[in-house]
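This report looks at one residue and its surroundings, and then at charged pairs. The structure comes next.

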Amino acid sequence: MGSYYSTFSPSGIHRFDRGQTELGRLGTNNFWRFGQNTSGSIFGGLNAARMVEIVDNTIQFRLTFSPNATGPFTDFFSNNLGNLQILPSGGNVGINLNANPTHTIDVNGNARIRNTPIAAIPQSLIIGQQVGVANDRELQRLDFTGNANDVLLGNGTWGTAPTAVTANNGVSISGGTVQLGAQCNTIFPILGSAFSTGRAVYLNGNSLWFFSGAAQNGGVGLGAQPASAGLCGVGNTVEISANNQSLYGKTDASGLRFTKLTSASPTIANGTNGVDKSKVLTVDQNGDVVLTEVGSGTGTVTADNGLSINPANNVQLGNDVGLTTAQLLNDREIPLNNNNIIFSNNIGVPGSNLISFGQVNPLAPALGAKVYAHNEDEFIAIQGASFNVTNPNIVAGLSGIVNRANSDLACGVYGFASETQFGVAGYGVVGEADENLFNVGVMGRVNSNNTFENTAGRFSASGVNTVTNYGIHATASGGTNNWAGWFQGEVNVTGTLFANNGTFSTSDQQFKQNIQPLSNATTLLSQLAPKTFDYDSTNFTNFNFDTRNHMGLIAQEVATIMPNLVKESVFPAQYDSLGNQTSAAINYKSLNYQELIPLLIAGFNEQQAVLSDKDSIIDNLETRLATLEACINNIGICNNNGGGNGNGGGNGNKISSQSVTLENLTAIVLDQNLPNPFAESTQINFVIPDDVLNAKMLFYDMSGRIINEVNINERGNGTLTVYGENLEKGIYTYSLIADGKLIATKKMVKK
């Protein structure tokens, strides 16, 4: 039996007295108060201010370790100032510590002190001393020395700040003073104060000025070639020499460059801000830049090397047609320096303003060609080549561009041969190579991984205003043997060759390795979604799309299933005949439809295997049904409970039941569903190792369609319960897919 204390007075007080002194009370506020209280009537005294309050003017609360009153203890005391005192008999207090504390306050973990005041004149630092393991620290005091010159050193002691100073990056130390640069008398101090990195001075709206007094001749020198008097022998306020490496082939070239002032900068009109075109800056024999006058031009002028002087004393390029006075005396070169030479035709009359190379071209107006080249010895009209070109828009040895020409035949490059003599062959364009290790008549080659698109030869034709567009148009007629294209020798194609007898790709076994059977094809094919579509020929005119309706797949969708069949490509930016960009580059995806053919074949074979298995199951069921019918016709044979002979025996078939448990912790296992056949539900046991990332179970009906898909998140041994009370009778299959691979397929029968 137990005992309890109860009252039906919700507002009364309950006191515990010894004599006339109240030692405990459950007050009207339901708070407990222990300790001396005001004595007197039953309603005298005070209620507790908290749920439990202990009142005394000495030690109020003690925790004792042993039942013996003299055992270890800890006293808790709230003094008359309202401060809490903890008085353990062992002298140490542990916080968040399971072990015996070894210090007055022993904290396991972080400690935080809030609202710490700043001492007006601090006397000490609180530092940590390692105790035990590396992360344990014992807090100690480090007193200041009182010497204002002492600093806290890296070893945790007070000492004097080091006076050793090092200098670099353009400054040096001489006599304990840090100075800009170094003395000029020897090379070694200069090397010691060399810049180790590029430096910049931020003026921030201020000025930097180097000056000398009125009677002084100091100056600033720049460059790698000092004056003959040495590094500090500056002969002027500013003296500039060239660096050792030369831009113009000479080491004594100018060392001065104005970044914003180039040959392409606009000129200033004469008279603006006092500009006088009759004066220029030049250099005297000492190298000083001085102002001088430009010659009046009244002296005698001669011209040669392709220049002549006309009767008006104007120097001009070449001379009148038929004269030979302005002949070139030696080879000449004009560095273009990223500029152009343009021979313009402001008159606009066809057949005028022509340029002819070789002999004089009397037929040029009849041909209508702006550039005519003739060489009877070699029969080469124009030969062009490009070498060592970096990052151009268009690079071509010979380039021809026709834009919006209103003519019967508009060609960028056109070759024509007619009525050749002596029955020899006539060719519009000929490429020939002979007696080399590798002979190519016409060869196009591009080799670089840093370009957007590599194309050995590119031909295109577009325009809705033309009757017929050809990227390449070759015609041959009128002879005994006619070929639009003639290849004398073998033609080797490592990619795809289109011919009248089919399409052939390189597929020899000797070129292949890591050959594996293609599996899981049915699952991959079931994820593809064929579409019908029209190409956007309006917004992408450069692609020359047709307007017919097409069937195919979306490359972005295929990339999520079979990314190896999708290729990232770039259609390069387009430019007009003047090199101006007309359209930006376009990133797009291409799809390898050819490699879908093996996938279709593998999927067909998988379906055939499923159908074969289904036929086997049907044959098995028919055999079992025939056996069952025979048992029904001979009911005595099928009686397994005896009674057939009246002696409790019988001759029925005796069925034994036995079970076995198989376990393989490292392989993926898919068991046969039980029971099979089933009426309402069946269970499928499986084993999936922990290293499998994704696993799912697919269920197919008799026609091979997926009727359900279940993601399997468990690893190890698992059981999947399948409910099929609403499923039609028949044969179904289920497959386990792990990390995209088909593991096994089983059959189950719904009865």
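Leaving aside neighbours within four places in sequence, Ser735 is in contact (heavy atoms within 4.5 Å) with Lys696, Met697, Leu698, Tyr700, Leu742, Ala744 and Thr745. This is a predicted model, in which local features need pLDDT of at least 70, side-chain atom pairs count only at pLDDT 80 or more, and totals for chains, interfaces and linings use all residues. Residues are numbered from 1 along each chain as its sequence is written, and side-chain values use heavy atoms, with hydrogens and water left out.

Ser735 lies in strand 37 (residues 730-738); strands (E, at least two residues) and helices (H or I, at least four) are DSSP runs, numbered from the N terminus. With a relative accessible area of 4%, Ser735 is buried. Buried means under 20% relative accessible area, exposed over 50%, and partly exposed in between (1.4 Å probe, protein chains only).

The structure holds 10 salt bridges, each a side-chain nitrogen of Lys or Arg within 4 Å of a carboxyl oxygen of Asp or Glu. Three of them are listed here.

| Residue | Partner | N to O distance |
|---|---|---|
| Glu22 | Arg25 | 2.7 Å |
| Asp75 | Arg62 | 2.6 Å |
| Lys531 | Glu557 | 3.1 Å |

Lys531 in strand 26 (residues 531-534) and Glu557 in helix 4 (residues 555-559) are 26 residues apart, and their pair links distant parts of the chain. Lys531 is partly exposed at 32% relative accessibility, and Glu557 is partly exposed at 35%. Asp75 is buried at 5%, whereas Arg62 is partly exposed at 40%. Both Glu22 and Arg25 are buried. Arg15, Asp17, Glu22 and Arg25 are linked in a network of salt bridges.
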